[in-house]
Amino acid sequence: MKKTHRGYADKRHHALKLILDHLPPGRIAPYSDREIAGIVCISKTTVGKLRREAEAKHLTWADVAPLNEAQRNRLLNKPPCVPPRKRHPDWDHIHAELQRPNVTRQLLWEEYRALDPVNTISYQSFAAHYRRYLGTLPAVMKQTHPPGERVEVDYSGGGTSYVDVGNKRVKVSLFVAALPSSSLIFAVASPSESVSDFIEAHVRMFEFFGGLTYAIVPDNLKAAVITPGPHPYFSRGFRDFCNHCDVQPLPARVRHPKDKPTVECSVRQVKTRILARLRDRTFRSLDELNQGIVDMLTELNDRPMIKDDRSRRERFESMERATLRPLPDHTYAYREFIELPPVGTNYRVKINGHDYSVPHDLIGKTLDARLSATTVEVLHERQVVASHPRSHERGGQTVNRDHMPPHHRAQADRNPDGIQAWAAEVGGPVQTFVTHHFATVQPFRALVVAEDVKRLVRKHSIETVQDACQRAINLRCLTLSSLERFISNGATQKRLPSSRSRTRTARPTSVNEHAPERHAQTAPRLRTHDHGHLPETVVQESQEPDQVQR
């Protein structure tokens with residue numbers, strides 16, 4: 001019989017028909033397996049398998065003829081032997097665990113296998129399935145950083161420690177910074193992660209780089225960011241530092257460490273290349289610990305990198321140092337910011353137990369204080385309204401006279417120091433007159449006389465009182481009554497008409513024409529409170545009384 005060439009399914013169908021048709025037309029006996037294999041062009045083994053399946057299930061051609069190909073396969077073929085699928089881990093959990101420090105795929109596979117040693121996949125299958133899982137993750141952005149544009153900063157988890165004088169181990173935080181363009185690394189141990197220590201680390205960082213970048217990329221720690229988000233609210237100390245250096249903070253997004261990948265990688269480098277090598281050394285102070293870090297950091301920055309066989313230092317010197325901006329003229333000194341309660345009626349604010357004055361027109365206003373090591377500045381609406389030297393005396397007060405209302409200032413000046421300061425401001429004979437009284441009697445008795453002199457200045461002009469004091473000094477009559485009489489006589493003489501003065505000068509000489517000279521010779525001694533002597537300047541001015549009388 002001529003062989004036919006059909007599809008494999010058709011061949012099986014034809015073979016099955018020849019098997020089940022026990023006596024085909026023109027045949028005395030059924031076809032053998034070899035004959036059917038030759039007719040249909042399939043193997044004798046396949047024909048034998050079909051015959052055994054049909055005999056086992058007692059099939060006839062009438063049972064098979066109406067079936068389609070899929071139904072015939074299910075009827076004649078054995079069900080596939082599918083091995084049981086082994087338990088797979090949660091790949092999201094595996095990926096999250098691998099982001100944690102010091103966690104490896106081998107460790108996670110061992111933990112996964114320990115739960116069910118039999119129904120687990122091998123490590124090779126574990127690694128292959130994890131690589132396929134990584135292919136389902138979102139695309140990763142390749143960032144480019146122009147030289148000198150920004151610096152990324154972060155604190156290393158875990159930190160390190162030193163032993164103090166009391167043999168007590170003190171834990172410190174490790175501050176790490178990196179320039180993304182050259183990958184130059186800076187590291188320093190800080191006592192804590194407070195605002196002051198965070199800013200101090202930044203000051204040392206920029207000094208290490210020798211210049212300023214345009215932006216800082218920190219984490220969202222409280223020392224830098226109070227409220228994270230699209231418009232973050234920075235701590236006042238960190239904002240003040242950035243304003244001083246003219247640097248813009250650009251914090252990373254919350255839970256997005258890939259926003260600062262360079263410093264994240266640098267933290268790992270510092271841990272493995274510096275802290276791991278210092279693990280067996282004992283440091284007795286923070287400065288000693290930082291010196292050890294500096295030595296290792298120099299070696300790390302001078303180590304050639306794999307990607308271009310150049311060190312971080314070489315890359316920095318060749319491509320990034322020239323792009324940094326110069327450092328500020330003055331090194332930043334940390335200043336603490338304090339929110340103050342409303343100003344009381346005594347126009348004073350209390351800072352660390354000490355009272356400082358503010359302008360009296362700010363009573364009832366809410367102010368802020370900016371504290372440095374030596375200065376206290378009080379701000380209203382971000383403007384400095386008062387500045388005082390910082391004092392650590394609890395219960396004391398520092399007052400600026402200019403902050404007082406006028407009547408308070410006048411009352412405050414009613415003391416020997418205040419009145420002498422006023423006399424020094426006026427100067428001339430008035431100062432000599434007042435100083436003489438303070439030098440000859442006890443201060444508070446002289447205070448009464450000085451206040452009367454001040455009253456005379458307010459009542460008359462300053463020139464009138466200066467002339468009267470000069471006349472009292474020349475005549476050695478430094479009493480208040482003499483001063484008032486000289487002022488009164490001077491005012492009377494100014495009111496006399498010029499014709500009367502001409503008549504007086506034209507009258508004949510009398511026997512008493514030398515009365516002024518006799519009066520000067522017979523004048524009693526200077527009347528003072530204690531009959532003391534005048535200062536030397538006063539004596540020199542009064543050596544020629546005749547000229548004064550004339």
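Is Asp 309 buried or exposed? In this predicted model, Asp 309 has a relative accessible area of 59%, and because exposed means over 50%, the residue counts as exposed. Asp 309 sits in the loop that runs between helix H12 (286–301) and helix H13 (312–319). Its phi is positive, about 60°, although Asp 309 is not a glycine.

**Overall make-up**

The chain has 550 residues, of which 37% count as buried. Its secondary structure comes to 23 helices and 14 strands. Among contacts between residues at least 6 apart in sequence, 60% join residues at least 24 apart.

**Positive phi in loops and after a helix**

Asn 167 is another residue other than glycine with a positive phi, in this case near 60°. Asn 167 lies in the loop between S1 and strand S2 (169–178). With a relative accessible area of 60%, Asn 167 is exposed. A glycine with positive phi is found at Gly 427, which follows helix H15 and has a phi near 75°.

Helix H15 itself spans residues 416–426, and its buried residues are Pro 416, Gly 418, Ile 419, Trp 422 and Ala 423. Helix H16 (428–440) and helix H17 (443–459) are among the elements that cover these buried residues of H15.

**Buried positions**

| Residue | Relative accessible area |
|---|---|
| Val 151 | 0% |
| Ser 190 | 4% |
| Ala 252 | 6% |
| Cys 469 | 0% |
| Cys 477 | 18% |

Val 151 belongs to strand S1 (residues 150–163). Apart from neighbours within four places in sequence, Val 151 is in contact with a set of residues that includes Ala 177, Ala 178, Leu 179 and Pro 180. Further along the chain, Met 205, Phe 206, Phe 209, Thr 213, Ala 215, Ile 216 and Val 217 are also in contact with Val 151.

Ser 190 is a residue of strand S3 (residues 185–190). Beyond neighbours within four places in sequence, Ser 190 is in contact with Tyr 155, Val 172, Ser 173, Phe 175, Asp 197 and Ala 201.

Ala 252 is a loop residue, placed between strand S7 (248–249) and helix H11 (261–275). With residues up to four places away in sequence not counted, Ala 252 touches Val 217, Pro 218, Asn 220, Asp 259 and Lys 260. Of the residues named here, Asn 220 is 32 residues from Ala 252 along the chain, and their C-alpha atoms are separated by 6.9 Å.

**Cysteines**

How many disulfides does a search of the whole structure find? The search finds zero. Both Cys 469, at 0% relative accessibility, and Cys 477, at 18%, are buried. Since buried means under 20% relative accessible area, Cys 477 still falls within that class.

**Two helix pairs**

Helix H2 (residues 33–40) and helix H3 (residues 44–56) have axes that come within 8 Å and cross at roughly 120°. The crossing of H2 past H3 is right-handed. On the H2 side, Asp 33, Arg 34, Ile 36 and Ala 37 take part, and they meet Lys 44, Val 47, Gly 48 and Arg 51 in H3. By class, this contact has three nonpolar, one polar and four charged residues.

Helix H9 (residues 195–209) and helix H10 (residues 236–245) pack with their axes 9 Å apart, at an angle of about 20°. Angles under 35 degrees count as roughly parallel, and therefore H9 and H10 are roughly parallel to each other. H9 also passes H10 in a right-handed crossing. H9 contributes Val 195, Phe 198, Ile 199, His 202, Val 203 and Phe 206 to the contact, while H10 contributes Gly 237, Phe 238 and Phe 241. The classes here are seven nonpolar, two polar and no charged residues. Phe 206 of H9, part of this contact, is also in contact with Val 151.

Definitions and conventions: Residues are numbered from 1 along each chain as its sequence is written. This is a predicted model: local features need pLDDT of at least 70, side-chain atom pairs count only at pLDDT 80 or more; totals for chains, interfaces and linings use all residues. Side-chain values use heavy atoms; hydrogens and water are left out. A disulfide is a pair of cysteine sulfur atoms within 2.5 Å. Buried means under 20% relative accessible area, exposed over 50%, partly exposed in between (1.4 Å probe, protein chains only). Axes are lines fitted to C-alpha atoms, for helices over the stretch in contact, and angles run from 0 to 180 degrees between N-to-C directions. Helices (H or I, at least four residues) and strands (E, at least two) are DSSP runs, numbered from the N terminus. A crossing is left-handed if the near helix is turned anticlockwise from the far one by less than a right angle, and right-handed if clockwise. Contact means heavy atoms within 4.5 Å. Ala, Val, Leu, Ile, Met, Phe, Trp, Tyr, Cys and Pro count as nonpolar, Asp, Glu, Lys and Arg as charged, and the others, Gly among them, as polar. Angles under 35 degrees count as roughly parallel, over 145 as roughly antiparallel, 65 to 115 as roughly perpendicular and the rest as oblique.
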